[in-house]
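User: I'd like to go through the labels on this structure and hear what each one rests on. Can you take me through them?

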Amino acid sequence: MTSIAANLQAVRARVSTACSAAGRETESVQLLAVSKTWPAESVREAVAAGQFAFGENYVQEAIEKITDLAKQGPGPDLEWHFIGPLQSNKTRLVAEKFSWVHSVDRLIIAQRLAAQRPHYVAPLQVCIQVNVSGETSKSGCTVDQVFRLAHSVAELPGLRLRGLMAIPEPSEDRDLQRSRFAMLRQTLEQLNGEGLALDTLSMGMSHDLEAAIMEGSTIVRVGTAIFGVRA
Ligand SMILES: *Cc1c(COP(=O)(O)O)cnc(C)c1O
């Protein structure tokens, strides 16, 4: 077994143990393998080990990898998720090449993605990124802004608003981790109380996926624990 295959097995076991501890079905949490900075060859190793959903942060790097993997010929369909900061001049490639975007944090980005999503493919699945750590983090809209933004994004053609994403500040404190994730879950519940039908909480990474699953995560985004420490 390659080390990526072994790491994947270990991460799947962590997800499954965390789900049991939370009284949840293992199938209720999707594992997204974050392959940013790693070559197409690493993605291929993960695919061979049964992983089909990948997260990328940098548009140019991602497009090269997506193109390279598509050249392989018939194989399993891969699902690409864009999870990094998105500038408005880079939205077209994301709208054309990805299935999901987790990092929408302002309306102009959502509007551009909606206008640029080709109509012959499924709607782009979207999460709004929320800053749940206050001043200590710069990316994501604020908890105050998310309500208006979510209702506006939900109206756009070509997109399907699925839920919320957060990257809390790194912390070893399990209670603090859980309180950040709980804030995202409560925000989602509030939005659903206002008539939206959101089913996705994209939260939890290599160091805090257990706390995220306890608070209802439905997608964990894991890089280091699968591919190793990035250069
Ligand atoms: C890099 C990254 C991850 C993966 O983080 P690890 O700590 O390597 O698991 C998850 N989400 C986002 C948005 C990232 O940029």
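Analyst: Below, each label is set against its definition.

This is a predicted model, in which local features need pLDDT of at least 70 and side-chain atom pairs count only at pLDDT 80 or more, while totals for chains, interfaces and linings use all residues. Residues are numbered from 1 along each chain as its sequence is written, and side-chain values use heavy atoms, with hydrogens and water left out.

User: What makes a residue part of the ligand's surroundings?

Analyst: A residue is near a molecule if one of its heavy atoms lies within 4 Å of it. Those around the ligand are Val34, Lys36, Asn57, Ile83, Ile167, Met205, Ser206, Arg221, Val222, Gly223, Thr224 and Arg230.

User: How do you know how that shell splits by class?

Analyst: Ala, Val, Leu, Ile, Met, Phe, Trp, Tyr, Cys and Pro count as nonpolar, Asp, Glu, Lys and Arg as charged, and the others, Gly among them, as polar. On that basis the shell has 5 nonpolar, 4 polar and 3 charged residues.

User: Why is lysine 36 called buried?

Analyst: Buried means under 20% relative accessible area, exposed over 50%, and partly exposed in between (1.4 Å probe, protein chains only). Lysine 36 comes out at 15%, so it counts as buried. This lysine 36 belongs to the loop between β1 and α2.

User: Threonine 37 is in that loop too. Why is threonine 37 called partly exposed?

Analyst: Its relative accessible area is 41%, so threonine 37 falls in the in-between class. Threonine 37 also has a positive phi of about 75 degrees, although it is not a glycine. Most residues other than glycine have a negative phi.

User: And glutamine 51, what makes it buried?

Analyst: Its 5% relative accessibility is under the limit, so glutamine 51 is buried. Glutamine 51 sits in the loop between α2 (40-48) and β2 (53-56). Its side chain reaches the backbone oxygen of leucine 31 at 2.9 Å and that of alanine 53 at 2.8 Å.

User: Why is phenylalanine 227 called buried?

Analyst: Phenylalanine 227 has 8% relative accessibility, so the buried label applies. Phenylalanine 227 is part of helix α9 (residues 224-227), where a helix is a DSSP run (H or I, at least four residues) and a strand needs E with at least two, numbered from the N terminus.

User: Which label does alanine 115 get, buried or exposed?

Analyst: Exposed: alanine 115 has a relative accessible area of 66%, so it passes the over 50% mark. Alanine 115 lies in helix α5 (residues 107-116).

Technical notes
Polar contact = N/O pair within 3.5 Å; in protein donor to acceptor, adjacent residues only side chain to side chain.
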